[in-house]
Amino acid sequence: MAASGISFPISAGLCEPSVAGPSEEKTNGTRLTRLLIDKGTKALRKFLDSFHPGSTLQHALCNNRPKLEQLKRNRVIFDTQWEKLFPSSGKPPDSKEFDITLLHLLLREIFHLKAPSNGWHKMPADADATPEASIVRIKCYRNELCHSVSTGVPNDEFEDKWNMISSSLEVLEVAAYRKKLQSLKSATIDHDAWLVEEELEQWRREKELEKSGKVSELCSCLPDDRPEEHVIGRGEQIQDIKDKVQSGTVPVVLITGGPGFGKTTVAKRVACELAKAENKRTVLFCSLLSKTTFNEATVEMINSCHKVVNTQVPENPGQWLKDWSKQIQNQVTFVLDNADGVIKSEDRESFFNFLRDVRMFSGKNVTFVITTRRTFQNPDLLSEEVRLHPLSNEQARNLLDAQVQNVQELSKAERIVELCGCVPLALCIVGSLLSDYTEETLIKNLEKEPLAVLEDDQVSIEKAIKTSFDLLTEAGQEAFVLMSTFQGSFDSVAAEAVMKACSIPGIQPISIIRFLKKSSLIEQPSSQRYQMHPLIHSYARKIGHAKYADLLARGEKLACVYFVSRLANNAELYWKKNSCKESLFSFNKDRNNFEHFLCIYAQRREGKDEEIMEGSQTLLESFPQKCMYLEKCLHPKNYAHILEQLLDTIDSTIQPMHVVELLCLLGHECRKKDQKKYKELMERAEEIYPLKRKEERKKKMRRKQKNCSQDSQ
């Protein structure tokens with residue numbers, strides 16, 4: 001009775017030798033029982049599930065609840081069975097909990113099956129091979145075995161019953177399978193259909209990969225190797241990057257550094273070094289310059305995987321690369337140069353997730369080396385940073401010498417190196433210019449307009465810095481300009497003081513400082529101290545005067561008030577017990593800023609800048625002590641210059657004592673070097689001082705007369 005010749009291994013494993021002891025007839029009975037309980041229950045359950053699988057069974061039972069409740073009242077359904085149909089826990093029913101009796105009841109009562117010719121409770125005719133007859137037959141045989149006085153079954157009877165039950169189970173298995181196929185044919189197109197479409201899409205992608213060539217045919221895609229003279233001073237960083245990649249434990253190595261510091265040069269050398277045969281690694285170099293979207297970046301990466309540019313771009317390049325990475329068996333490293341555009345874009349997170357997935361799908365065989373001005377951190381994509389700093393003076397001199405091999409020996413190389421800030425790109429540009437300019441002319445121009453000098457037909461320091469500046473947010477650009485008010489290094493407190501000039505409310509100074517540091521536009525030479533490279537500082541001042549003049553002016557006023565007030569506090573600290581060294585140390589740490597803003601303070605006093613004069617009043621309190629502190633801190637020449645500037649800003653008719661004090665202090669400085677000027681200063685002081693004493697006597701006399709008048713009254 002097996003339908004369409006299909007046979008199912010229903011009896012598999014049921015004909016093992018019986019345990020010693022029972023008779024052969026009893027063994028036959030046990031085998032039939034196992035067939036009915038194990039396979040019969042499973043066949044009935046599959047048939048029921050073909051009508052209502054677990055996702056719809058509860059709904060079907062609820063729809064038929066009135067009928068089932070009536071059967072319960074008639075004691076056709078017992079309490080234990082009811083609990084399985086409608087669990088008191090509120091959980092959905094599970095057909096795995098139903099026995100043969102309950103399965104038979106549900107199939108005949110609520111699934112609208114046509115009853116066999118003999119009804120639902122009598123053994124059907126042997127010739128009836130319908131699923132309904134098979135359900136009844138299994139139920140009847142089950143009842144017969146359960147209610148039989150003896151569990152023994154004679155051999156001839158055993159064969160007949162075994163064949164009959166087996167055939168019924170086969171009929172139900174086939175019917176359930178056909179029902180499942182029919183349901184699939186007429187199923188509503190929903191999420192399941194989406195899964196099918198996804199599978200088809202996967203097949204299409206695999207076909208595209210086949211057309212594109214096998215991964216085993218992959219070869220390195222490399223830039224031209226950089227000459228040795230272009231990578232002077234970067235050997236340690238190149239080796240560090242190679243070690244991190246070859247360790248296999250670092251998914252992403254970031255090459256960061258300021259504009260012109262040589263990130264691309266180092267990346268190209270690293271790519272060529274890693275691709276050497278002994279490293280057994282494929283290296284794919286991709287320039288992502290001007291690529292600002294996820295799709296643009298991934299298409300460029302796909303192009304590096306082919307010997308020729310792929311003219312037919314996949315519809316989903318990111319997914320193509322993920323599928324491609326699943327075939328990777330050997331070590332592959334992508335060197336992604338100038339990735340700032342996509343890292344800064346709205347596709348940032350998609351790009352990071354894509355790198356993570358490619359690494360994971362490749363079985364950690366794929367690694368990435370990325371050059372970027374801005375660092376990033378992603379918890380799902382571990383990275384290690386190799387930061388490029390300006391070269392040492394010796395390295396910078398060697399690089400400059402390598403660029404001017406055909407020029408006579410340089411006599412002022414140290415000054416040129418200093419003006420270039422030890423930046424590799426600047427040194428390379430200057431090296432090319434020395435074939436046309438003398439050292440003296442070049443130095444003079446670098447001192448006057450460094451950014452205008454440091455450019456040639458192809459590269460420019462100013463363009464490199466501008467690229468970094470353009471990647472900043474509006475708040476970041478304002479903060480960048482404000483940081484240029486400082487001369488040399490500064491601390492976070494000073495930065496917070498000038499950040500009050502920002503036009504954008506709610507800015508957190510430390511966050512902005514960290515942002516500029518991650519963007520490689522300011523450096524951190526020590527804990528809580530920051531500085532701008534001189535060339536970057538020049539650009540910040542230039543863009544500040546051109547586009548942010550008001551902002552820059554506000555920032556300079558705030559910085560001036562901050563440092564002059566701090567200078568006054570330092571002077572007071574100097575005269576206190578056990579704090580003299582602390583005061584001098586504080587001055588030396590910010591010497592450049594103190595000297596610069598003292599000059600600014602004097603200039604603004606002369607211009608009657610009320611905001612600065614009012615904010616810096618503490619400097620004029622106990623003025624002689626403040627000046628004596630300055631004498632300890634400043635170079636004599638600078639000290640005398642500051643005193644002269646301050647003298648020109650104080651009106652002797654309003655503050656005669658301050659003028660006299662300044663004249664005496666200046667005279668003291670000139671006494672040993674210029675006796676004539678010393679006498680002039682002292683004479684001027686004596687002219688003011690008697691007038692002052694005469695004015696004080698007049699005031700004293702008026703007070704005395706006033707007191708006498710009051711006494712007489």
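Guide: Five strands make an open sheet here, ordered β2-β3-β4-β1-β5, with parallel pairing. Strands (E, at least two residues) and helices (H or I, at least four) are DSSP runs, numbered from the N terminus, and two strands pair if DSSP finds at least two bridges between them. By the way, this is a predicted model: local features need pLDDT of at least 70, side-chain atom pairs count only at pLDDT 80 or more, and totals for chains, interfaces and linings use all residues. Residues are numbered from 1 along each chain as its sequence is written, and side-chain values use heavy atoms, leaving out hydrogens and water.

Visitor: Why do β2 and β5 stand at the edges?

Guide: β2 (281-287) and β5 (383-388) each have a single partner strand, so one side of each lacks a neighbour in the sheet.

Visitor: What makes β2 and β3 a pair?

Guide: Seven bridges join β2 to β3 (residues 331-337), and the cut-off is at least two.

Visitor: How do you know whether S492 is buried or exposed?

Guide: S492, in helix α22 (residues 492-498), has a relative accessible area of 16%. Buried means under 20%, exposed over 50%, partly exposed in between (1.4 Å probe, protein chains only), so S492 is buried.

Visitor: Why are α21 and α23 called roughly perpendicular?

Guide: Helices α21 (residues 474-483) and α23 (residues 509-518) pack at about 85 degrees. Axes are lines fitted to C-alpha atoms, for helices over the stretch in contact, and angles between N-to-C directions run from 0 to 180 degrees. Under 35 degrees counts as roughly parallel, over 145 as roughly antiparallel, 65 to 115 as roughly perpendicular, and the rest as oblique, so α21 and α23 are roughly perpendicular.
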